[in-house]
Amino acid sequence: NYYRIERACSELSTSDLTLTEVAYRCGFSDVSYFIKTFKRYKGITPHRYCLNMDSTCFLTGAWFRTTF
């Protein structure tokens with residue numbers, strides 16, 4: 001999982017893909033599991049990661065309308 005999360009970090013900071021697209025491209029078939037795994041390895045959610053990196057993350061989707 002570490003490799004997949006590191007790849008996701010790269011994708012999140014250099015692409016305009018949605019989190020769902022990044023999760024699927026990194027081998028996660030469940031976005032909820034991706035978020036939980038990301039947080040376990042990085043200590044923050046993918047959403048927070050994008051905000052901290054000031055990247056081009058495409059933060060859309062109904063599940064992003066909640067507070068992280």
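Predicted model: local features only at pLDDT ≥ 70, side-chain atom pairs only at ≥ 80, totals over all residues.
The protein chain holds four helices and zero strands, and read from the N terminus its elements follow the order α-α-α-α. Of the 68 residues in the protein chain, 37% are buried.

Two packed helices are described by the angle between their axes and the distance between the axes. For H1 (residues 2-14) and H3 (residues 31-42), the axes come within 10 Å and cross at roughly 95°. Because angles of 65 to 115 degrees count as roughly perpendicular, H1 is roughly perpendicular to H3. On the H1 side, the contact is made by Tyr2, Arg4, Ile5, Glu6, Ala8, Cys9 and Leu12, while H3 contributes Tyr33, Phe34, Thr37, Phe38, Tyr41 and Lys42. Sorted by class, this contact of H1 with H3 contains nine nonpolar, one polar and three charged residues.

Glu11 also has its place in helix H1. The relative accessible area of Glu11 is 14%, so this residue is buried, the cut-off being under 20%. With neighbours within four places in sequence left aside, Glu11 is in contact with Leu17, Val22, Arg25 and Cys26.

Technical notes: Residues numbered from 1 in each chain as written. Heavy atoms only, no water. Helix = DSSP H or I, 4+ residues; strand = E, 2+ residues; numbered from the N terminus. Buried < 20%, exposed > 50% of the residue type's maximum accessible area, 1.4 Å probe, protein only. Contact = heavy atoms within 4.5 Å. Axes fitted to C-alpha atoms, helices over the stretch in contact; angles between N-to-C directions. Parallel < 35°, antiparallel > 145°, perpendicular 65-115°, else oblique. Nonpolar A, V, L, I, M, F, W, Y, C, P; charged D, E, K, R; others polar.
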